[in-house]
Protein chains: 2
Amino acid sequence: MKTVPLTVRPVSKSGFAAFGDVVETQGAELRLINQGSTERFHDLASIDVLDEGGKAIVSLFRGQPFAPPIEITMMERHPLGSQLFYPVSDRPFLTVVASDEGGRPGAPVAFLCPAGVGVNYAKNTWHHPLLSLEEVCDFIVVDRDGPGSNLEEYDYPDTRYRIDAVSG
Amino acid sequence: MKTVPLTVRPVSKSGFAAFGDVVETQGAELRLINQGSTERFHDLASIDVLDEGGKAIVSLFRGQPFAPPIEITMMERHPLGSQLFYPVSDRPFLTVVASDEGGRPGAPVAFLCPAGVGVNYAKNTWHHPLLSLEEVCDFIVVDRDGPGSNLEEYDYPDTRYRIDAVSG
């Protein structure tokens with residue numbers, strides 16, 4: 001088993017595009033509604049959950065905190081639907097994703113999402129389970145409920161990736 | 001035009017049941033996932049957006065603050081889909097709803113949602129536009145996009161309802 005350092009980058013729409021959506025007001029379509037009393041930042045992510053009789057559900061995830069060094073030893077993906085995380089707590093969090101390489105995740109890529117910025121993993125995108133930082137954090141999650149098997153997990157067989165600092 | 005005082009009640013699942021879901025962890029199905037590092041409060045609301053080719057979208061609403069006296073002069077509803085509001089800001093907000101009486105809203109009913117509690121208006125439920133309190137507040141909103149006319153508004157013709165205090 002070898003250990004490989006994993007650096008953390010600031011999340012960006014361009015850097016994350018291969019994995020899904022960055023959920024943020026910046027760059028979003030802004031509609032002024034309710035006689036001007038509400039700004040609607042419209043349609044921030046591609047909710048893709050209808051395959052094989054699925055539907056969108058809304059849940060709240062409460063994540064225990066992690067702190068460096070953080071070891072990434074496995075990944076998971078949801079073959080039947082997208083999964084959106086938006087932080088309710090006013091805190092940054094880590095997202096770790098990977099490209100698919102012949103049915104297995106490639107080397108992970110880590111991004112820091114600042115407070116007020118979420119992510120939406122595209123259907124079948126390899127990602128690490130939730131990584132809150134320093135404090136217990138709540139997230140609103142929009143994902144899929146329905147028939148079929150919607151979870152695949154993979155343990156890296158001979159490498160562990162280690163995040164030694166989270167300053168993106 | 002007559003003015004009628006409107007009292008504010010604390011929101012509860014039973015009190016709000018005729019209008020939709022209270023979105024909260026209390027009483028929710030709890031699943032421990034991610035090797036125990038995440039609590040998943042599962043499926044907190046009935047997302048009902050598929051009529052006539054609709055789909056679920058996620059937006060962020062930024063609401064300007066209101067303060068008593070707050071006058072309720074109109075209501076709106078969405079005939080084709082539910083609409084969920086979950087507060088991202090650590091603040092309470094007001095929800096004002098009404099039963100339907102022959103195609104028009106009856107007298108409004110006002111509820112105070114504490115921080116960390118949201119609501120999901122059932123399809124075609126009369127409700128007032130967003131009422132943040134005291135500070136600008138952000139909400140994650142899950143509602144419907146798709147073909148068809150999904151907004152109906154109604155101005156109360158001879159009555160205005162006035163909220164003089166928001167302590168629920």
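Where is A:E52 found? A:E52 sits in the loop between β5 and β6 of chain A. Its phi is near 50°, a positive value in a residue other than glycine. Strands and helices are DSSP runs numbered from the N terminus (strands: E, at least two residues; helices: H or I, at least four).

The model is predicted: local features need pLDDT of at least 70 and side-chain atom pairs count only at pLDDT 80 or more, while totals for chains, interfaces and linings use all residues. Residues are numbered from 1 along each chain as its sequence is written, chains are lettered from A and ligands numbered from 1 in the order in which they are written, and side-chain values use heavy atoms, with hydrogens and water left out.

Two copies of a chain are related by a rotation about an axis and a shift along it. Here, a rotation of 180° with 0.0 Å of shift along its axis places chain A on chain B, with an RMSD of 0.0 Å. That is the relation of a two-fold axis. The superposition is by least squares on the C-alpha atoms of residues with pLDDT of at least 70 in both copies. Of the residues of chain A, A:V88 comes closest to the rotation axis, with its C-alpha at 2.4 Å.

The interface joins 38 residues of chain A to 38 residues of chain B by contact (heavy atoms within 4.5 Å). The copies meet through the same surface, because 100% of the interface residues of chain A are also interface residues in chain B. The size of an interface is often given as the accessible area lost when the parts come together. Between chain A and chain B, the buried area is about 3,300 Å² (accessible area, 1.4 Å probe, that two parts lose on being put together, summed over both). Carbon and sulfur atoms give 58% of this area. In chain A, the residues that lose the most area to chain B are A:V58, A:L60 and A:R62, together 18% of what that side buries.

Polar links also cross the interface. The count of residue pairs in polar contact is 15, both residues being at pLDDT 80 or more. A polar contact is a pair of N or O atoms within 3.5 Å; within protein, one must be able to donate a hydrogen and the other to accept it, and residues adjacent in sequence count only if both atoms are side-chain atoms. On the chain A side, β5 (38–42), β6 (55–63), β10 (83–87) and β18 (137–145) each supply at least two residues. β6(A) gives the most, with eight residues. By class, this side has 20 nonpolar, 10 polar and eight charged residues. Nonpolar here covers Ala, Val, Leu, Ile, Met, Phe, Trp, Tyr, Cys and Pro; Asp, Glu, Lys and Arg are charged, and the others, Gly among them, are polar.

Two salt bridges are counted between the chains (a side-chain nitrogen of Lys or Arg within 4 Å of a carboxyl oxygen of Asp or Glu). One of them links A:R40 to B:D143, with the closest N and O atoms 2.9 Å apart.

β5(A) pairs with β6 (residues 55–63) of chain B in the antiparallel sense, over four bridges. Pairing requires at least two DSSP bridges between the strands. A:E39 stands opposite B:R62 in β6(B). Within chain A, β5(A) pairs antiparallel with β4 (residues 29–33) over five bridges. There, A:I33 has A:T38 as its bridge partner. Four residues lie between the strands of this hairpin, where A:N34 takes a positive phi near 55°.
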